[in-house]
Amino acid sequence: MADSTPEQSSTPPLPRAFLDFLEENGIDPSIYVKGDTIPRYIRLKPGCENLVPGIEAELACELERVDWLPGFYAVPPQIKIASSEAYKSGKIYGMDAASGAAVLALDVSEGDHVLDLCAAPGAKLCMLSDLLGNSGSLTGVDVSRDRLAACRTMLLKYTLGDRCRLFIADGTSFSLLPLRPSMNVKSCVINGDGVASTFGEWTSKRSYKDRKNASKLKNSIGSQLALATSEPELFFYGKNSGVVGLQRTELFSVADNAEASNLGYDKVLVDAECTHDGSIKHIQKFEHWGWKTLDHRVLDAKRTNSLMHLQLQLLTNGFKLLKAGGTLVYSTCSLTFAQNEDVVERFLIKNHSAELQGVDAAKNWPCRSGRIPHTLRFDPNTSQTSGLFVAKFIKNYSKNAKEMNQLEKFTRIA
């Protein structure tokens, strides 16, 4: 892991207010001149390594292997992949190397039940599915129907949805546990008349009643409030996700803290909504959008405070759904202390079973330590990637959770 101070370069033509914002957060303004020099990163679908020469010929550039991140390749920033046959046929997809590192930090193992609490637009979800292979389960959650539709499209395109469930839901209140064989399900009726029916294989065709209800919810003024107070909507499920064959009254299991510690997810990713100030290409867009829009999207104190509250809620709920002994990774593409280290500190104060863990693989990663030990920071100067903050937590066992975990292991063996 790199410890050197980022090199200084000329300051880009940024608004004074934004430069002050960067100074307050200890961010080097020179990173914003790197947008045209940072490589573009792509991830190659496992098993397609022999196709690299053909992809290089099609893109007319060399695919430079990223030594510290398996499956990732760097290409020149001007290269467009969307029109390539490799992209259209689901062999490659674009994903920044720093984002790949956040997923790798979870250390996903065979058979894990994994939750991606802020799943859209879907690249991390696809990588998680690749890492799981033909085992375990993957649950993706997002508050936006349109963004979750993009996730579903990616899963189907790359044939990675077999063990996945997608829910339209508020990540701060989502409370469904993974579908484990040993679970005692607390049922709740999800259709109006209370009649249970069995889930068959997923189809994109919805009934007229479902489409009408979804349209009403989408167009209603209080749709976000309704979402926060209603049950999650099952948006997609794969053939081997555990949903097929269930009665509708069996799908939902509302978790309390004790149940989640015993039967929750093995791994949770919380890639939280943020101001995106670490995304160089995002900030460059304000040159076209107008720098005045930067004031309310990035610099506005009320928005930042609101985001910090949301981030803490997402992190807290993700940790609640984590099984004792499990791992959670919190990440944002902001470089500010407020949305990263400050959120982590506030979370640790209120969650005594949470413990920050180092990322073993990071010893070979081109990143810096955050303000808090064991946290990581990627940035254009140090990493040749977009900016990203990563913190890894483990959920320590309580006495009751230890006993339940031993019982579950015994049950599996029996």
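Start by selecting Asp-271, which is found in strand S9, residues 265-271. Keep in mind that you are looking at a predicted model.

The UniProt annotation "binding site", from an unreviewed entry, covers Asp-271 together with Asp-142 and Asp-170. These residues are spread over 130 residues of sequence, yet they cluster in space, with a largest C-alpha distance of 13.9 Å.

Next, zoom in on Asp-170. You will find Asp-170 in the loop between strand S7 (164-168) and helix H7 (208-219). Show side chains here: that of Asp-170 makes a polar contact with the side chain of Thr-172, at 2.8 Å.

Time for some helices. Two packed helices are described by the angle between their axes and the distance between the axes. Select helix H4 (residues 97-104) and helix H5 (residues 123-132), which pack at an angle of about 45° with axes 10 Å apart. That angle makes H4 oblique to H5. Which residues of H4 and H5 meet? From H4, look for Ser-99, Gly-100, Val-103 and Leu-104; from H5, look for Lys-124, Met-127, Leu-128 and Leu-131. By class, this contact has five nonpolar, two polar and one charged residues.

Color Ala-123, Leu-125 and Cys-126 of H5, then Cys-151, Met-154 and Leu-155 of H6, to see the contact. Here the residues divide into six nonpolar, no polar and no charged.

Conventions. Residues numbered from 1 in each chain as written. Predicted model: local features only at pLDDT ≥ 70, side-chain atom pairs only at ≥ 80, totals over all residues. Heavy atoms only, no water. Axes fitted to C-alpha atoms, helices over the stretch in contact; angles between N-to-C directions. Helix = DSSP H or I, 4+ residues; strand = E, 2+ residues; numbered from the N terminus. Parallel < 35°, antiparallel > 145°, perpendicular 65-115°, else oblique. Contact = heavy atoms within 4.5 Å. Nonpolar A, V, L, I, M, F, W, Y, C, P; charged D, E, K, R; others polar. UniProt positions renumbered as here; feature names shortened; annotations may be inferred. Polar contact = N/O pair within 3.5 Å; in protein donor to acceptor, adjacent residues only side chain to side chain.
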